[in-house]
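Hi there,

Here is the structure I promised to pass on. Have a look at it first, and then read my notes below.

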Amino acid sequence: MKLVRRFRLVTTGRLDQGQLEELRAVIGLAPSGVAEDAVGSELGCRVRNHPRYPSIRATTITLLRTGADEWSITIDALPFSDISTSIGLVEVGCRAAGLTVTGRHVSADATVSDAAPSPALLERARKLLEESRTRMWGTTFTFGTPPPEAPRARITSEDDLTLDYAAAIEELLTRPAVRPASKPLFVADHIPVARPTPRPVGWQALSDNEIADLAEKLRTLVWSWRMDDLLRLVIVFGWQDPTIHSPDRVQFAAGLGPDTVDIIGFDSDAVRIEVTVTTQAADTPEGRDSTLAAYARMAAVLTGSIGEPTDLLDNRVSEIRWAGPETTLRLIDFHHTVRLQLVTNDWLSALDQED
């Protein structure tokens with residue numbers, strides 16, 4: 001049976017390498033990557049098989065970096081299975097590492113209470129910590145860098161486990177957290193259901209900060225480049241409303257409106273991510289002037305933020321490239337719109353040979 005996205009915990013805070021190691025140890029994640037890895041990187045994963053059917057995978061817990069100081073932990077599990085213990089374990093680990101919970105996203109078949117976790121849930125989380133073979137005994141729990149009022153608990157042996165530890169965890173889990181406005185739920189097909197905020201009517205273009213941020217996220221993107229792994233892009237960029245044209249073409253809505261993100265693949269391997277960064281200009285001299293001005297402005301912004309381009313082309317369309325080891329970032333003037341692309345170097349080489 002296929003696992004589905006059941007829960008996602010969004011947290012914020014600074015994580016150095018030591019805190020990351022602590023977080024992975026508490027949750028029992030197999031480590032991958034380091035704290036300085038780029039946005040979109042997977043930093044740990046834990047897989048649990050079904051207790052009665054060991055050949056069946058029951059739960060997968062994954063730690064992802066989803067922003068400069070934002071970290072998401074997802075739980076994929078069998079539909080309608082009990083994931084409360086895993087949720088408790090994840091919350092214990094994040095609080096212990098000093099992170100602040102800013103959002104909980106649950107699927108249609110799961111419920112998560114914002115109330116204080118019950119003693120039974122805390123006990124199940126503690127037992128799961130023991131299963132992960134975390135070295136708890138004989139250590140002082142400081143929970144990352146807690147505020148002065150946060151309690152400490154010392155455990156000298158397994159038999160000496162007292163209510164002080166449960167109280168410490170209870171206090172950490174119930175500490176008031178800043179909660180943003182409710183966010184979209186993750187449904188069974190892994191696609192958020194919210195709609196992006198519409199921009200004002202009329203010709204629009206991304207601002208200097210928006211184009212620089214988008215380019216940096218694209219340029220440093222860590223991704224499998226598989227068309228069946230589009231959820232990673234949704235998490236990193238926040239794109240919404242997928243339109244599936246075929247197994248090798250999917251469009252999303254971004255800041256400038258519907259279908260402004262185009263993902264193209266070939267035999268299930270993605271080869272191009274294209275984001276429209278200006279809306280369609282009118283087919284008039286004034287419209288063309290707007291597109292040219294936006295292209296020149298964005299080129300200057302990206303040169304300042306990324307560095308000098310590796311290629312300047314002016315064939316059928318004007319184009320600026322920043323080539324990397326495996327992918328190339330392209331800013332292209334398509335006459336009536338400006339678009340930013342991230343493409344694989346193999347695909348770009350084949351395209352250049354066709355020209």
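The notes below cover a helix pair and then some aromatic rings.

This is a predicted model, in which local features need pLDDT of at least 70, side-chain atom pairs count only at pLDDT 80 or more, and totals for chains, interfaces and linings use all residues. Residues are numbered from 1 along each chain as its sequence is written, and side-chain values use heavy atoms, with hydrogens and water left out.

Let's start with the helices (DSSP runs of H or I, at least four residues). H1 (residues 17-27) packs against H2 (residues 84-96) at an angle of about 155°, and their axes are 9 Å apart. That makes the two roughly antiparallel (the term covers angles over 145 degrees). On the H1 side, the contact (heavy atoms within 4.5 Å) is made by Glu22, Leu23, Val26 and Ile27. H2 contributes Leu89, Val90, Val92, Gly93, Cys94 and Ala96.

Now for the rings: the whole structure holds three aromatic pairs (ring centres within 6.5 Å, using the six-membered ring of Trp; planes under 30 degrees apart are stacked, over 60 edge-to-face and the rest tilted). Phe237 and Trp239 are stacked, at 4.3 Å centre to centre with 5° between the planes. Trp239 and Phe252 are tilted, with centres 6.3 Å apart and planes at 35°. Trp239 sits in the loop between helix H6 (231-237) and strand E9 (240-246), and Phe252 in strand E10 (residues 249-254), so this pair ties together parts 13 residues apart in sequence. Phe237, Trp239 and Phe252 form one aromatic cluster. Phe237 is buried at 14% relative accessibility and Trp239 at 4% (buried means under 20% relative accessible area, with a 1.4 Å probe and protein chains only).

Best wishes

Key:
Axes fitted to C-alpha atoms, helices over the stretch in contact; angles between N-to-C directions. Parallel < 35°, antiparallel > 145°, perpendicular 65-115°, else oblique. Buried < 20%, exposed > 50% of the residue type's maximum accessible area, 1.4 Å probe, protein only.
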